[in-house]
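Thanks for asking me to look this one over.

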Amino acid sequence: MVEIETKLLGLFLRKEGRLSEAESVCERASQIFPLDAECQNNYGVIQMERGDLRQAETQFLKAVAIDECFLPAQTNLVKLARLTGKKDDEYRLAKRFGEIVKHRRDFRYTAWNSDLSIKNIRVGFVSGDFRSHPVGFFLNNVIHAFIGSSVETIAFSSTSFEDDV
């Protein structure tokens with residue numbers, strides 16, 4: 001099997017609920033791509049879903065060691081701390097990630113390509129959490145606060161899931 005197909009197959013099997021098969025495929029992908037943070041994280045997600053929290057943490061830490069700004073692994077470490085009742089770790093991990101992002105220079109814009117004659121500001125939001133989720137509730141209020149102002153909001157969902165939010 002071609003390596004990239006292995007990586008994608010694990011995700012597909014997980015979505016289909018075939019965790020045993022997804023586990024072996026994701027494990028293989030993590031071995032084929034030992035420096036791929038996404039592969040390490042995906043294998044960790046499978047381990048977390050199967051209840052092996054220690055192995056999940058190991059995989060998430062591997063992903064963060066590869067790319068400390070890999071958001072899914074950072075988020076999963078915080079989620080794992082919450083699941084295990086480690087409130088101090090949850091706060092520490094979330095704060096640490098915030099500090100990492102704050103000090104990254106490549107996250108900042110250095111050149112702005114905009115028409116200064118435009119009076120309205122356009123703000124776009126992209127998320128997979130425009131639903132009954134803390135992000136969805138928060139952005140719902142933010143977007144409604146801009147109605148009637150000079151701020152035009154546009155929201156793009158990265159999923160096709162819909163609910164009341």
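1. A word on terms first: a residue is called buried under 20% relative accessible area, exposed over 50%, and partly exposed in between (1.4 Å probe, protein chains only). Please keep in mind that this is a predicted model, in which local features need pLDDT of at least 70 and side-chain atom pairs count only at pLDDT 80 or more, while totals for chains, interfaces and linings use all residues. Numbering runs from 1 along each chain as its sequence is written, and side-chain values use heavy atoms, with hydrogens and water left out.

2. Let's start with the largest pocket, which holds about 1,000 Å³ of space. Among its 22 lining residues, Arg14, Pro72, Asp129, Arg131 and Thr159 are the closest to its centre. A pocket here is an open set of points on a 1 Å grid over the protein atoms alone, where a 1.4 Å probe fits, with protein on both sides within 12 Å along at least five of seven lines; lining residues have an atom within 4 Å of a point. The volume is the space filled by probe spheres set on the points, which are joined across faces, edges and corners.

3. Which helices supply at least two residues each to that lining? They are H1 (3-15), H3 (37-50) and H5 (71-83), and H3 gives the most, with six residues. Helices (H or I, at least four residues) and strands (E, at least two) are DSSP runs numbered from the N terminus. By class, the lining has seven nonpolar, eight polar and seven charged residues. For that tally, Ala, Val, Leu, Ile, Met, Phe, Trp, Tyr, Cys and Pro are nonpolar, Asp, Glu, Lys and Arg are charged, and the others, Gly among them, are polar.

4. Two helix residues are worth a look. Gly44, in helix H3, counts as buried because its relative accessibility is 0%. Gly44 and Ala155 are 30 Å apart, C-alpha to C-alpha, and 111 residues apart in sequence.

5. On to salt bridges, meaning a side-chain nitrogen of Lys or Arg within 4 Å of a carboxyl oxygen of Asp or Glu. The count comes to eight. One of them joins Glu49 and Arg14, with the closest N and O atoms 2.7 Å apart. Glu49 is in helix H3 and Arg14 in helix H1, so this pair ties together parts 35 residues apart in sequence. Both partners are partly exposed, Glu49 at 38% and Arg14 at 32%.

6. Another salt bridge links Arg122 and Glu152 (3.3 Å, N to O). Arg122 sits in strand E1 and Glu152 in strand E2 (residues 151-157), so parts 30 residues apart in sequence are tied together. Arg122 is exposed at 59%, whereas Glu152 is partly exposed at 34%.

7. Arg131 and Asp129 also meet in a salt bridge (3.0 Å, N to O), and Arg131 is partly exposed at 25%.

8. Finally, the surface: Val126, Ile154 and Phe156 form a nonpolar patch with about 290 Å² of accessible area together. Val126 is in strand E1 (residues 121-127) and is exposed at 65%. Patch residues have over 30% relative accessible area and no salt bridge; like charges are joined within 9 Å, and nonpolar side chains (Val, Leu, Ile, Met, Phe, Trp, Tyr) within 5 Å. Accessible areas come from the Shrake-Rupley method with a 1.4 Å probe, and for residues only the protein chains shown count as cover.
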